[in-house]
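This report describes the fold of one chain, its contact with a partner chain, and a few selected residues. The sequence and structure come next.

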Amino acid sequence: MGGSRTEKWVFGATSFLVLAFLYIPLFLIVLYAFNETNINSWPFPGFSTKWFEKLFHDPVPKEAAWLSVRIALASTALALLLGTSMAFAFARHRFFGREVVNFAVTLPIILPGVITGVALASFFLFTKTDLSTRTIIIGHTTFCIVLVFNNVLARLRRLPRSVEEASRDLGASGLQTFRYVTLPSIRTALIAGALLSLALSFDEIAVTFFLAGADNTTLPLWILGAFRNSRSLPEVNAAATVILLISLPLIAIAAYLMREEGSTRIVEE
Amino acid sequence: VDGHLGGGPRLTQAISRALYAHPRGRLGLLLGPAVLWLLVFYIVALVLLLMTSLWQQDVFTADIVRDWTLANYKKVFTGQDGLWLRVYGRTVLLATIVTLIDIALAFPLAWFMARVVSRKWQTLMFLLVVVPLWSSILVRIFAWRTILGSQGVLNQFLVDTGILSSPSSAFLYNERAIAITWAYVWLPFMVLPIYTALEKIPHSYLEASRDLGAGVLTTFRRVILPLALPGVVAGSIFVFSLTMGDFVAPQLVGGGSQVLGGAIKDRFGVAADFPFGAALASLTLVTLIVFLTITRRTGALENL
């Protein structure tokens, strides 16, 4: 709109304040990772990197992070399989109950995690299944399917069928067409969906809390436990800083891919 | 060329041909696994949650006794001098307030991103909004304890500027602290859908409105708001729903104030009363389904 100068100033100043509100806590997290003491007080007590050293020598958060990575990878792999095939079904077929299935797949992301968590906890109690890494993966997959599904479906809707028909007409088999024509065209949508799914699973606490066995300490569960022990607070800040640094390039990739998609949509249709 | 795919060219060809010839079979293979997964690990689980809320727990053995009873719901609605109804009311009220705060904060930012700045800045600001989502939500919640605490940044700032004579403990461990923290962590979920909705409004609509003599306020009310509404509703669904279920912020910054998420978590955790927890969770579920059904009428779910 270009807009008037007043509009620019008013909205610009408000936006700046809102962004400041978003970033001041993040800034403090990073700052307190370098805290000299373990009391998060202001003014800043003094600068030190000792919490990073402690973090890097502490096996517990490392094991927790590794467990979270494994769970995120497994859930994302399952979500890719289920979400992609479902997206193909939605893009290529009309069938009875489409709306219901669509609603059911989005529900785990619309409803709060605590509902998914306690519902599955009741389910595993009823089926007398012991809580383990596997039950966490089941919970995570349930809410990750929709992330892949939405991304892939949005892409498939924009992919002209004629490209695949041309491939078939030129003598390629169905599998070859999939491998050499369809898959390359949906690749970025798959990556974007997978990145979202990995990120959500890695940071998930509400579902995980109810589905983790006694010795399944994921990174968020470790963090939640560490809050009770004030001596390790700056170590948690250090861990959060490391996570942020690792995820920054991933965010850039995901955002780039999703912008290319021309949509910031979280839920499709 | 078939060799690329391995696994015997004849077989793959046969499968491929069979699937091509039978679209129903193809649909079944594509849809079956996902539908089965959602059915078992979501729908059946939700039904079991509702069933658990109608069962009882043996006081001595802590085993679930599968005798049908409405006792848990009776306790929710009338038990402990209305304690649980107050918890419910408090949570719904907080969720409503947090949603309104986020709409008020998100709208100007989304408008600035979508309609004022250049393409390059648009991308940068979009990134700025999503970056916080990728850092640990637990730590972001905890950061507010650092800000609002009696030794915290806010207190020090107010004392330094002379607004307060000594640090106040009034900022942390209450419902206001929970509301601020929730408004903070869910804000990006409000900004993104509103931004998407605003970005789609054709420039010509605004020009037409102005050419027809509408002032800034009229254009906002009659043109922008109706077109932005699906985005606002979509964001509200996320924020309201996330707030109704969260137990982390109340635990970390809320002090003693009980909310639904925390109460449910305790029944499934330390207090170990699954049937009563299931009743509270079912109440939350029903509230959210009602909320979703109302908002669905606005067509927001098609535009999320």
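## Overall fold of chain A

Read from the N terminus, the elements of chain A follow the order α-α-α-α-α-α-α-α-α-α-α. The secondary structure of this chain amounts to 11 helices and zero strands. The model is a predicted one, and every value below is computed from it.

Along the principal axes, the C-alpha atoms of chain A occupy a box of roughly 70 × 65 × 30 Å. Chain A has 269 residues, 55% of which count as buried. Its accessible surface is about 11800 Å², and carbon and sulfur atoms account for 67% of that surface. Of the contacts in chain A between residues at least 6 apart in sequence, 71% link residues that are at least 24 apart.

## Interface between chains A and B

Contact between the two chains involves 98 residues of chain A and 101 residues of chain B. About 9100 Å² is buried between chain A and chain B, with 77% of this area coming from carbon and sulfur atoms. Helix α1 of chain A (residues 5-33) supplies the largest share of the side of chain A that touches chain B, with 16 residues. Sorted by class, that side of chain A holds 68 nonpolar, 18 polar and 12 charged residues.

How many salt bridges cross the interface of chain A and chain B? The rule finds zero there. Polar contacts do occur between chain A and chain B: the count is six residue pairs, both residues of each pair being at pLDDT 80 or more.

## Salt bridges within the chains

Over all chains, the count of salt bridges is five. One of them pairs A:Arg92 with A:Glu164, whose closest N and O atoms are 3.2 Å apart. A:Arg92, with a relative accessible area of 23%, is partly exposed.

A:Glu164 also forms a salt bridge with A:Arg161, with 3.3 Å between the closest N and O atoms. A:Arg161 and A:Glu164 are three residues apart in helix α7 of chain A, which means that about one helical turn separates them. In an α-helix there are 3.6 residues a turn, so residues three or four places apart point the same way. The relative accessibility of A:Arg161 is 41%, so this residue counts as partly exposed.

In chain B, the side chains of B:Glu199 and B:Arg119 form a salt bridge with an N to O distance of 3.6 Å. B:Glu199 is part of helix α7 (residues 175-199) of chain B, and B:Arg119 is part of helix α4 (residues 119-130) of chain B, so the pair connects parts that lie 80 residues apart in sequence. B:Glu199 counts as partly exposed at 30% relative accessibility, whereas B:Arg119 is exposed, its relative accessible area being 55%. Back in chain A, shared partners join the salt bridges of A:Arg92, A:Arg161 and A:Glu164 into one network.

A:Ser75 sits in helix α3 of chain A, which spans residues 59-92. Its relative accessibility is 0%, so A:Ser75 counts as buried; the cut-off for this class is under 20%.

## Helix α11 of chain B

Helix α11 of chain B covers residues 260-268, and eight of its nine residues are buried, so the helix is largely enclosed by the rest of the structure. Among the buried residues of α11(B) are B:Leu260, B:Ala263, B:Ile264 and B:Phe268. B:Gly261 and B:Gly262 are buried as well, and the list also includes B:Lys265 and B:Arg267.

Technical notes
Residues numbered from 1 in each chain as written. Chains lettered and ligands numbered in written order. Heavy atoms only, no water. Helix = DSSP H or I, 4+ residues; strand = E, 2+ residues; numbered from the N terminus. Buried < 20%, exposed > 50% of the residue type's maximum accessible area, 1.4 Å probe, protein only. Salt bridge = Lys/Arg side-chain N within 4 Å of Asp/Glu carboxyl O. Contact = heavy atoms within 4.5 Å. Buried area = accessible area lost by both parts, 1.4 Å probe. Polar contact = N/O pair within 3.5 Å; in protein donor to acceptor, adjacent residues only side chain to side chain. Nonpolar A, V, L, I, M, F, W, Y, C, P; charged D, E, K, R; others polar. Areas by Shrake-Rupley, 256 points an atom, 1.4 Å probe, with all protein chains shown as cover.
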